[in-house]
Amino acid sequence: MIAKNGLRKRWLSIALIFAAGLVITLAGCSGRTGSDTGLSGSIKIIGSNTVTPLSSVWAEEFMKESPKVRIAVSGPGSGVGIAALIDGTTDICQSSRPITSSEIDQAKTKGVNPYEIQVATDALSVVVNPANSISELTIAQISAIYTNKITNWKELGGKDAPIVAMGRDTNSGTHVFFKEHVVQMAGLPTQDKKLEYGSKVLLLPSTEEGVSQVASNPNAIFYAGLAYVDKTVKPLAIKKTPSDSAVLPSAKTALDGTYPISRPLLFYTNGMPTGAIKAFIDYCLSPEGQQKVSEAGFVPLAKK
Amino acid sequence: MLETVTPIAARAGLEKSLRRRLRLGERFIEGWVFLSGLLAIVVLLGIVAILLKEGLPIFGYTPPWEFLFGTKWYPISEPPTFGIMPFFVATLMITLLATAIAVPIGVGCAAYLAEVASSKVRETVKPIIEILAGIPSVMMGFIGLILLSPLVQSIFHLNTGLCGLTASIMLSLMSLPIIVSVSEDALHAVPNEFKEASYALGVTKWETIRHVCIPAALSGITAAIMLGVGRAIGETMTVLMVAGGALAVPVSPTDPMTTMTAAIASGIGNAVRGGLQYQALFAIGLILFIMTLAVNLVAERVLERQKRKFAG
């Protein structure tokens with residue numbers, strides 16, 4: 001009997017300690033909420049692999065200001081994000097390409113109303129191995145590489161070696177943007193909407209993989225957002241037509257419009273954003289948010 | 001199963017209530033086991049039904065023969081084109097090559113462990129090989145990307161190390177533990193009398209393994225190989241990372257290629273539910289399902305024949 005009583009007492013004290021701990025924790029929580037912005041909720045961002053590094057920085061900074069808001073960012077590709085927006089499984093879709101009219105139709109039939117916000121700009125860079133002697137190409141030449149019409153660097157004035165053309169898979173907004181603006185040469189007199197990626201182009205599941213392949217393979221060529229261009233690869237200067245001057249990708253050339261393949265980075269929401277989502281997007285567009293754009297290697301929006 | 005109830009019922013002197021309670025418990029367990037068995041069938045039928053429902057409508061847009069034998073896959077173009085020949089050939093090529101690499105090594109390793117190695121070596125090595133089976137496929141993909149692909153590129157003087165061969169080698173490493181473990185069990189189960197009879201005839205160890213142990217354990221070894229093939233056909237992450245992802249119909253294993261699983265994985269994300277691309281990817285899934293079913297049926301046939309041979 002005595003032993004049993006002792007046991008019960010011990011249980012009681014453990015339970016008391018737990019209860020006390022719980023009360024203290026709860027008090028701590030409620031104490032903290034008093035000082036923040038009062039926003040709460042969780043935001044899901046799905047989409048572009050290109051925009052992911054930027055969204056992650058924004059999400060981290062925003063969560064420091066508003067600790068009750070949870071933001072989850074994932075970057076399987078713009079197409080995935082847009083599909084998720086249409087299927088109603090994400091709050092914000094981040095995209096490196098504009099939504100297509102057929103996607104808008106699909107969204108409308110599911111009662112989703114895509115609302116577009118440009119959050120930054122990107123100079124889509126074409127990169128080669130630093131050992132490659134080629135330093136500038138025209139858009140038509142790059143198109144010929146990616147349609148497998150030019151297969152040797154010799155044909156472009158380089159050394160006699162086969163070209164290993166690499167791109168992103170069809171989940172990627174960069175895949176689609178590059179197809180329209182480089183492979184099919186949109187906006188050029190030579191535009192041909194029937195052109196497709198050649199069947200020998202390697203379509204890779206992530207931008208990181210492509211950049212690391214180019215860094216290790218002297219014959220490879222790949223395309224990536226400006227933020228992914230580091231010292232291990234060499235960005236090419238791009239000529240819109242053979243008579244134009246070659247322009248290297250940078251924040252400056254993307255902003256003044258001289259770099260020919262710059263593109264908007266976009267957020268899509270279902271209708272005008274409200275509440276915590278609106279607060280987050282407002283932060284992204286604020287001067288502090290745009291400061292992070294430059295730090296992440298992208299191009300901030302032009303100041304109004 | 002029902003038989004277990006009778007001794008309880010037969011036991012005299014038990015209180016009625018206790019008996020009823022036991023019978024109730026028995027009933028409950030029986031029902032539960034029956035439901036679990038049913039669930040497996042329901043899930044399988046459900047998967048088949050979904051594959052058919054989501055996949056078949058694509059054949060209204062692309063006729064089946066064009067879908068199977070078409071060589072162009074442009075799912076996001078206007079209008080889209082769906083031809084899965086490149087993926088089909090790539091899956092066959094990578095699976096066959098992976099099996100060709102894994103089987104001799106796997107069966108050899110199993111024969112060594114079962115017949116040659118001392119029991120101490122066997123008890124240390126076998127669990128280590130089984131740990132290999134637990135390595136997540138994304139890690140195997142990383143290893144292929146960082147270690148194997150540069151090696152393959154320099155040995156075969158290729159333009160890129162991301163190719164079917166690299167994927168096959170990684171897949172053979174992944175199916176190896178299954179093949180070793182299951183064939184070792186089969187070889188271990190061969191009755192000692194068989195071997196003793198063989199040794200009594202003055203036959204060497206190698207000849208015993210080759211002409212007695214392996215034929216006697218062949219049904220188990222076949223099952224092991226089929227499990228390995230199943231693993232190789234269905235593997236996705238590793239091939240997505242190292243096979244190269246080109247859309248051409250592969251001619252040689254050293255070409256970059258996309259398997260059926262990789263095609264599904266790299267497209268399903270941006271496929272809107274019910275859209276053409278979504279249906280096409282489900283149709284690939286359906287064909288993949290039929291392929292694995294065929295592998296299993298062939299395996300069953302082989303096993304049956306083997307059993308008959310031994311019985312007769």
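What percentage of the 312 residues in chain B is buried? In this predicted model, buried residues account for 38% of that chain. For chain A, which has 304 residues, the corresponding figure is 46%. These two values open a tour that begins with the model as a whole, turns to each chain, and ends where the chains meet.

The model as a whole scores an ipTM of 0.77 and a pTM of 0.78. Chain A has a mean pLDDT of 85, with 87% of its residues reaching 70 or more. Within chain A, the pLDDT falls below 50 over residues 26-35, a stretch that makes 2 contacts in the model beyond near neighbours in sequence. Where pLDDT is low, the predicted coordinates should not be read in detail. Chain B averages 87, and 93% of its residues score at least 70. Confidence in chain B is lowest in helix H1 (residues 5-10), with a mean of 52, and highest in H5(B), at 94.

Chain A contains 10 helices and 12 strands, whereas chain B contains 14 helices and 2 strands. In chain A, 72% of the contacts with a separation of 6 or more involve residues 24 or more positions apart. In chain B, 73% of the contacts between residues at least 6 apart in sequence join residues at least 24 apart. The C-alpha trace of chain B spans about 80 × 60 × 40 Å along its principal axes. Its radius of gyration is 25 Å, while a compact globule of 312 residues would have one near 20 Å.

After the helix comes Gly88(A), with a positive phi near 75 degrees.

One bridge links Ala120(A) to Leu265(A) in E12(A).

Another part of chain A holds an open sheet of 5 strands, ordered E8-E7-E9-E5-E10, with mixed pairing. Its edge strands, E8 (202-204) and E10 (234-235), each pair on one side only. Strand E5 (residues 125-128) and E10(A) pair in the antiparallel sense over 2 bridges, with Val127(A) opposite Pro235(A).

Helix H9 of chain A, residues 275-285, carries Ile281(A). Why does Ile281(A) count as buried? Ile281(A) is buried because 20 other C-beta atoms lie within 10 Å; the cut-off for burial is 20 or more. Neighbours within four places in sequence aside, Ile281(A) is in contact with Ile117(A), Phe267(A) and Pro273(A). Ile281(A) and Thr50(A) are 231 residues apart in sequence, and their C-alpha atoms are 18 Å apart in space.

The largest nonpolar core has 149 residues, and the members touching the most others are Met166(A), Ile221(A), Phe222(A), Phe298(A), Ile179(B), Ala243(B) and Ile284(B). Helix H5 (residues 85-116) of chain B gives this core its largest share, 15 residues. Leaving out residues up to four places away in sequence, Met166(A) touches Val201(A), Leu202(A), Leu204(A), Gly210(A), Gln213(A), Ala220(A), Ile221(A) and Phe222(A).

Finally, at the meeting of the chains, 24 residues of chain B are in contact with 28 residues of chain A. On the chain B side, helices H7 (137-155), H12 (237-242) and H13 (260-268) are the elements that give two or more residues. By class, this side has 14 nonpolar, 9 polar and 1 charged residues.

Notes. Residues numbered from 1 in each chain as written. Chains lettered and ligands numbered in written order. Predicted model: local features only at pLDDT ≥ 70, side-chain atom pairs only at ≥ 80, totals over all residues. Helix = DSSP H or I, 4+ residues; strand = E, 2+ residues; numbered from the N terminus. Rg over C-alpha atoms; globule rule 2.2 N^0.38 Å. Buried ≥ 20, exposed ≤ 12 C-beta atoms within 10 Å, placed from the backbone. Contact = placed C-beta atoms within 7 Å. Nonpolar A, V, L, I, M, F, W, Y, C, P; charged D, E, K, R; others polar. pLDDT = per-residue confidence, 0-100. Core = buried A, V, L, I, M, F, W, Y, C linked by C-beta atoms within 7 Å. Pairing = 2+ DSSP bridges.
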